[in-house]
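Welcome! Please have a look around before reading on.

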Amino acid sequence: MESVARGGTRWKRFAVVMVPSVAATAAVGLAIGQGALAASFSVSGQQAKVAVDKLDGSGFVQYGAIDTQRGGKKVPVAVSAFKTAELTNLCQSVVVPVPGFGDVSLLLRAGQGSKKVEAQNLYIDLDQLDADATFRNINIGVAAGDSNKGPGIKPGDDAGAGSFAQEADSATLLNVRQTSWATSAGTFKLSGLKMNVSKGKNECF
């Protein structure tokens with residue numbers, strides 16, 4: 001089974017995780033697992049913008065959860081996880097406001113040209129995603145804790161094991177534009193890494 005989707009996921013309210021398009025006329029809502037913590041660490045108050053020309057991933061699962069910021073504020077996220085992933089032309093930017101100085105931007109690039117970014121057991125806690133996506137052998141509506149195609153829910157997410165999830169043998173995403181609160185991986189190989197710090201807002205998109 002192969003499914004193609006184009007569009008984005010945007011948060012509307014606390015109770016709804018996301019509504020991505022899956023094929024031309026289908027949509028699926030992912031509900032938040034109450035009390036689930038997507039990250040095993042407190043996330044910062046800044047989000048990263050990530051742009052990728054192409055992501056090829058195998059062993060995919062996506063489910064709704066909650067991240068906790070330092071200080072206790074809860075933020076809803078969709079956790080996208082892959083057993084393995086290969087990324088082409090990765091750009092990640094973070095803008096940090098510095099009192100008395102202004103905005104400071106951290107811009108990271110890797111995986112350009114013939115070089116690729118490679119990851120294993122990759123988890124991305126995001127709240128907005130735009131891409132052209134193809135899913136292979138997709139199941140929609142499985143319980144997150146019962147998914148067996150992806151790497152499983154993240155340690156610490158046990159409270160969200162019953163959350164609505166979707167899984168696939170593999171997924172290809174093109175022209176990815178996303179905002180995320182956190183990323184973690186078992187291994188993350190950044191070939192051709194280039195990093196730049198500058199004053200002002202200098203973002204990937």
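## Starting at one residue

Let us begin with aspartate 53, which lies in strand β2; strands here are DSSP runs of E with at least two residues, helices are runs of H or I with at least four, and both are numbered from the N terminus. At 36% relative accessibility, aspartate 53 counts as partly exposed. That label covers the range between buried, which is under 20% relative accessible area, and exposed, which is over 50%, using a 1.4 Å probe and protein chains only.

What does aspartate 53 touch, leaving aside residues up to four places away in sequence? Its partners are Thr88, Asn89, Leu173, Leu174 and Asn175, where a contact means heavy atoms within 4.5 Å. Aspartate 53 and leucine 87 are 34 residues apart in sequence, yet their C-alpha atoms are 7.6 Å apart in space.

## About the model

This is a predicted model, in which local features need pLDDT of at least 70 and side-chain atom pairs count only at pLDDT 80 or more, while totals for chains, interfaces and linings use all residues. Residues are numbered from 1 along each chain as its sequence is written, and side-chain values use heavy atoms, with hydrogens and water left out.

## The chain as a whole

The chain has zero helices and nine strands, so from the N terminus on its elements run β-β-β-β-β-β-β-β-β. Of the 205 residues in the chain, 46% are buried. Among contacts between residues at least 6 apart in sequence, 79% join residues at least 24 apart.

The accessible surface of the chain comes to about 9,800 Å², and 52% of that belongs to carbon and sulfur atoms. Accessible areas come from the Shrake-Rupley method with a 1.4 Å probe, and for residues only the protein chains shown count as cover.

In soluble globular proteins, nonpolar side chains tend to be buried together. A nonpolar core is a set of buried Ala, Val, Leu, Ile, Met, Phe, Trp, Tyr and Cys residues joined through side-chain atoms within 4.5 Å. The largest one here has 25 residues, and those touching the most other members are Val52, Leu55, Phe82, Leu87, Leu90, Phe135 and Leu173. At least two residues of this core come from each of β2 (48–68), β3 (74–98), β4 (102–110), β5 (117–136) and β7 (164–184). The largest share, nine residues, is supplied by β5. There is also a second, separate core of 14 residues, with Val77, Ala81, Tyr123 and Trp181 among them.

Phenylalanine 101 sits in the loop between β3 and β4 and is partly exposed, with a relative accessible area of 44%.

## One disulfide

A disulfide is a pair of cysteine sulfur atoms within 2.5 Å, and by this rule the count comes to one. Cysteine 91 and cysteine 204 form it, with their sulfur atoms 2.0 Å apart. The link is left-handed, with -90° about the S-S bond. Cysteine 91 lies in strand β3 and cysteine 204 in the segment after β9 (194–199), so the pair ties together parts that are 113 residues apart in sequence. Cysteine 91 is buried at 4% relative accessible area, and cysteine 204 is buried at 18%.

## Salt bridges

How many salt bridges does a search of the whole structure find? It finds four, each a side-chain nitrogen of Lys or Arg within 4 Å of a carboxyl oxygen of Asp or Glu. One of them joins lysine 49 and glutamate 203 (3.7 Å, N to O). This pair links distant parts of the chain, with lysine 49 in strand β2 and glutamate 203 in the segment after β9, 154 residues apart.

Another joins aspartate 125 and lysine 154 (3.3 Å, N to O). Here aspartate 125 is in strand β5 and lysine 154 in the loop between β6 (139–143) and β7, 29 residues apart. Aspartate 125 is buried, with a relative accessible area of 0%, and lysine 154 counts as buried at 7%.
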